[in-house]
Amino acid sequence: MGNTLFMYHDELTKSAAVVASAVLSMSACKAVHTAADTRKYGRLICVAGPAAVYEVYRDIVQAFASADKEIGFFFVNMEPDRKDIFLQAAGESCTPAFSADLDGRTLMDDAVNAAENILAKDGRPENRNEARLLEVLGEFLRSHDTGILATGHDNIIRSTPIEYVWYKGRFYFFSEGGRKFAHLWRNRRASYSVCEPYGGGVQTLAGLQANGTVRVYEPDDAVYEEVRKVKGISDNTLRTMPVTLHLIELTPAELIFMWGPFLKEDLPVKQIYDGDMEKIKGKA
């Protein structure tokens, strides 16, 4: 789809545009009277308030329509009859791909929901070269060993730097315990990220986020025994430790991967993988 341009005409519609654009990502917000280079965007979203008239947006809509780009509308506190008139006028220039009604009293939530509906409509980008993606994912995971485990429940969030083992399509973490387990017992969903320092420029981006479910194993579990051998934890180490070393397993539902060097291969920098995780080879 490419980048998205939000156009607004007052402070109310600007607020809605700012919230939705941040969720959608790869977006910009501009006042409707400012110039915009349509070549930089694949989609236009016009955010119109209760007193807006289509004529204010006509030029920018026609510019995007003539370039055969997607156009949608967010209506904030607009009465149904005014919205119908607005859409009827817009229909002379384009066929709107979508529209959303936002209530000023719940503006933030409505703007977030509208943006998430667009993300769901867009779906995930196709991995044009899955074999290459799996190869690079494996290299990335094998060349790193530490990341941040995010856990939480209710309104409490915790992030923990922790070493990982990537084995048979899952992340494993050994831990003596801590507050993260208070979250893990209550909420089996967690996220883990691994990244490199930003080196300047998109071509240097390198990071991975794994979203999935967790399970905890103890020393008498078969999985624990298998993974601790992969990790290189000896029998003597376990036997002489004065405390229990727990094992957390994170099974990813998806991996969100940012890899700047893909630019040189004409592949998307951001790719999402939700296939067979065991195809991504670890150190073992």
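Reader: Which residue follows α7, and what is its phi like?

Author: Gly232 comes after α7, and its phi is positive, near 90 degrees. Helices here are DSSP runs of H or I with at least four residues, strands are runs of E with at least two, and both are numbered from the N terminus. This is a predicted model, where local features need pLDDT of at least 70 and side-chain atom pairs count only at pLDDT 80 or more, while totals for chains, interfaces and linings use all residues. Residues are numbered from 1 along each chain as its sequence is written, and side-chain values use heavy atoms, with hydrogens and water left out.

Reader: Which residues of α7 are buried?

Author: An α-helix has 3.6 residues a turn, so residues three or four places apart point the same way. In α7 (residues 222-231), Tyr224, Val227 and Arg228 are buried (under 20% relative accessible area; exposed is over 50%, partly exposed in between, with a 1.4 Å probe and protein chains only). They line one face of the helix, because they fall within an arc of 100 degrees seen down its axis (taken from the directions from the helix axis to the C-beta atoms). Ala222 and Lys229, on the other side, are exposed.

Reader: What do the buried residues of α7 pack against?

Author: Their partners are β8 (165-167), β9 (170-175), β11 (206-217), α8 (235-240) and β12 (246-259). Contact means heavy atoms within 4.5 Å.
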